[in-house]
Amino acid sequence: MNLESHRAVKDAVEVLPSLASHLQAERHDALAASMLYEYRLNELGKEFASHNLTPMIVKGQAIVDLAYPSDEIRLSGDIDLLVGNEGEQVAAVLKEIGYQENTPHSRHFQFSERGFFQNEQRLPSYIEVHRCLDKIICRPIPYNEILARSKPSGRQGFRYPAIEDLFLLMILHASCDIFFDSGRLQRDLRFLIENGKPDMDMVWKRAQEWGLSRALRRLLNGQYPKITYLSGEWSASKTGAYILDQLFWHDNLLTALRGLAKYSLARLRDRLSP
């Protein structure tokens, strides 16, 4: 070993303890954040349970509980709930316990998510209530059937999707997420397939029925949505770029164009009747 190689090895040996300590501290912080998230989630669930409500959690903790190994940590920011006819009751409970609702993106587009926020430490800071998980252009997804197939989560006040539905809802969200995270998606897919063990024949069958088979194929093959238009402030041109990209993630162009027409009409009504 020459002098330079010896020095490189010596430097590496010296830095290893500090690197290990740093990684251990990062994992400790992530574990603490995960425990706090679960505590707040459980407190929110108690509030829903006290009103005989059980909205369905999509993504986030549902993926953790149904597929992640016990020694793996998946941090989540907000909580995403899928609701049916009980949507107004869920919103009423959130407001009753101190949440404020964001100004809706559109008053006439019925599938816009509703965002609720609050600052109390006992409860999650931000919650999104969805009737549809698509953004702008909605696929023909049978949400009532998804809700009917949902199962008890083991947590008060919440239900989880069937594993095949959870898998596809994650694909759906990833295909239209403006904050797409490829690393997180890869981990979620791996753990869902390895540990959740969905019936992949059923997954593909439902994907075709939902108009989601192209997105499923692309994401499983490592083809990801474009996010180059996300830098800086959102604008009309970036909205247009996003919509154009989304058209190529739908199975049926005609269905996608119909969905776009419905959204455009709703936005026009927003402008005509402020």
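This is a predicted model: local features need pLDDT of at least 70, side-chain atom pairs count only at pLDDT 80 or more; totals for chains, interfaces and linings use all residues.
Reader: At what angle do the axes of helix 5 and helix 7 cross?

Author: Helix 5 spans residues 163-176 and helix 7 spans residues 200-210; their axes come within 10 Å and cross at roughly 50°. That angle makes helix 5 oblique to helix 7. The crossing is right-handed.

Reader: Which residues in helix 5 and helix 7 meet?

Author: From helix 5, the residues are Glu 164, Asp 165, Phe 167, Leu 168 and Leu 169, and they meet Met 200, Met 202, Val 203, Arg 206, Ala 207 and Trp 210 in helix 7. Sorted by class, this contact has eight nonpolar, no polar and three charged residues.

Reader: At what angle do helix 5 and helix 8 cross?

Author: Angles of 65 to 115 degrees count as roughly perpendicular. The axes of helix 5 and helix 8, the latter being residues 213-220, come within 10 Å and cross at roughly 85°. The two helices are therefore roughly perpendicular to each other.

Reader: Which residues make the contact of helix 5 and helix 8?

Author: Helix 5 contributes Phe 167, Leu 168, Ile 171, Ala 174 and Ser 175, while helix 8 contributes Ala 215, Leu 216, Leu 219 and Leu 220. The classes here are eight nonpolar, one polar and no charged residues.

Reader: How many residues of helix 2 are buried?

Author: Buried means under 20% relative accessible area. Helix 2, residues 60-67, is mostly covered, with six of its eight residues buried. Those buried are Gly 60, Gln 61, Ala 62, Ile 63, Val 64 and Ala 67.

How values were computed
Residues are numbered from 1 along each chain as its sequence is written. Side-chain values use heavy atoms; hydrogens and water are left out. Axes are lines fitted to C-alpha atoms, for helices over the stretch in contact, and angles run from 0 to 180 degrees between N-to-C directions. Helices (H or I, at least four residues) and strands (E, at least two) are DSSP runs, numbered from the N terminus. Angles under 35 degrees count as roughly parallel, over 145 as roughly antiparallel, 65 to 115 as roughly perpendicular and the rest as oblique. A crossing is left-handed if the near helix is turned anticlockwise from the far one by less than a right angle, and right-handed if clockwise. Contact means heavy atoms within 4.5 Å. Ala, Val, Leu, Ile, Met, Phe, Trp, Tyr, Cys and Pro count as nonpolar, Asp, Glu, Lys and Arg as charged, and the others, Gly among them, as polar. Buried means under 20% relative accessible area, exposed over 50%, partly exposed in between (1.4 Å probe, protein chains only).
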